[in-house]
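Visitor: I'm new here. Can you walk me through this one?
Guide: Gladly. Here it is.

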Amino acid sequence: MRSSRWIALLMLLFVALALGACGGDDDDDAGGDNASTSAEEAPAAGTIQKNDQNASTKLVIGSKNFTEQKVLGEIYAQALAAAGYGVSTELNLGDEKTALKALEQGDISAYPEYTGTALLSFFGYTADKIPKEGLVAFAKAKEGFAKKDLTAEPITPFVSSNEVAVTKETADKYGLQKISDLSKVANKLTIYGTPECRQRLDCLLGLEQVYGLKFKKFVPVDIALRHEVLTKGQADVSIVFTTDPQIKREGFVLLDDDKGMFPPYNSTLVVRNDVLSKAGPDFDKVVADVSKGLTDEVMQELNARVDLDKETPDVVAGEYLKEAGFTQ
């Protein structure tokens, strides 16, 4: 099972990297239009070249406090180390506000953030005002970060949006297909989400304001337990991510966001400008290159290696870089 999954991942990486190469622009939207490119035709990713001059630049790569973030943090940290930078990590920092504060204070040099999260949590957007097209949302987020003397690197192809999940049994029992369907039964249901979900417009607050839902109870839960509370029957509804591998494995039903509440959540590495000025062109190139292969399918597989196969984020990140041809 493990070897076959890695063969599948390698094929996905080849195709994703080939699409990125064909697109020509680091800011191309996820996936591109060249889906006919075969794995056999895809050029191997260029191995990251070590530049000894980068050794004097010390980087601290951070991340927020869940699997996908830790994997992303490790991918960027290991890739930049391969380019010769002196790299350390500060992973598992906390929520987005905690991570941004660490970045602004100089405790870390960079961390991965999602465009929709940035617009909602940092830059005063409401869910209905966020652009629904990924590149437009990124441009707005990039403008906001620039005012903080930070640079948002080109986005990844994958989108890690919040989703409203229920079990198949719950969906069948109440006839749930879209989020609006919850309006008839929300007062009977318990919803689980991360502690900050209560105040976020892309979480419980948005479900209340945009959809007018009033749940029986909201229960804060550690982000790592968002699927377990569904399978154990503790939650009727749980907020999950589109890139969660448990969705397919457990057969959860994702309710359609029929009012377009959830904004685009492409990932971008946010970097201090004073760090970029010292790091030189290798930094931008390495980040852009390793990001191109991170499609929805690849990110789901990398998350699965940690959450389901119980590998550590640093090991999974190293495997990604090796399988994609960035390291040997």
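**Spaces, strands and a disulfide**

Guide: The second largest cavity has a volume of about 30 Å³. A cavity is a set of points, on a 1 Å grid over the protein atoms alone, where a 1.4 Å probe fits but cannot get out. Its volume is the space filled by probe spheres set on the points, which are joined across faces, edges and corners. This is a predicted model: local features need pLDDT of at least 70, side-chain atom pairs count only at pLDDT 80 or more, and totals for chains, interfaces and linings use all residues. Residues are numbered from 1 along each chain as its sequence is written, and side-chain values use heavy atoms, with hydrogens and water left out.

Visitor: Which residues line that second largest cavity?
Guide: F66, T67, E68, R226, F241, T243, D244, N303 and D307. Lining residues have an atom within 4 Å of a point. The elements giving two or more residues are α2 and α12 (296-307). Helices (H or I, at least four residues) and strands (E, at least two) are DSSP runs, numbered from the N terminus.

Visitor: How does that lining divide?
Guide: Into 2 nonpolar, 3 polar and 4 charged. Ala, Val, Leu, Ile, Met, Phe, Trp, Tyr, Cys and Pro count as nonpolar, Asp, Glu, Lys and Arg as charged, and the others, Gly among them, as polar.

Visitor: How many cavities of 30 Å³ or more are there?
Guide: The structure holds 2. The largest cavity has about 240 Å³ of space. Of the 20 residues that line the largest cavity, N162, E196, R200, I223 and F241 are the closest to its centre.

Visitor: And the largest pocket, what volume does it have?
Guide: About 430 Å³. A pocket is an open set of points with protein on both sides within 12 Å along at least five of seven lines. The largest pocket has 20 lining residues, with D222, I223, A224, R226 and D307 nearest its centre. The lining holds 6 nonpolar, 6 polar and 8 charged residues.

Visitor: Which helices supply at least two residues each to that pocket lining?
Guide: α2 (67-82), α8 (228-231) and α9 (246-250) do.

Visitor: Switching to strands. In which sense do β1 and β2 pair?
Guide: Parallel: β1 (residues 58-62) and β2 (residues 86-90) share 5 bridges. From β1 the chain crosses through α2 to β2, in a right-handed β-α-β crossover. Right-handed means that, with the strands pointing away from the viewer, the path from the first strand over the helix to the second runs clockwise. Two strands pair if DSSP finds at least two bridges between them.

Visitor: What is the strand order in the open sheet?
Guide: The 5 strands run β7-β6-β8-β5-β9, with mixed pairing. The edge strands are β7 (217-220) and β9 (253-254), each pairing on one side only. β6 (residues 190-193) runs parallel to β7, joined by 4 bridges. G193 stands opposite P220 in β7.

Visitor: Which cysteines form a disulfide?
Guide: C197 and C203, with sulfur atoms 1.9 Å apart. A disulfide is a pair of cysteine sulfur atoms within 2.5 Å. This link is left-handed, with -95 degrees about the S-S bond.

Visitor: Is C197 buried or exposed?
Guide: C197 is buried, because its relative accessible area is 0%. Buried means under 20%, exposed over 50%, partly exposed in between (1.4 Å probe, protein chains only). C203 is buried too, at 3%.
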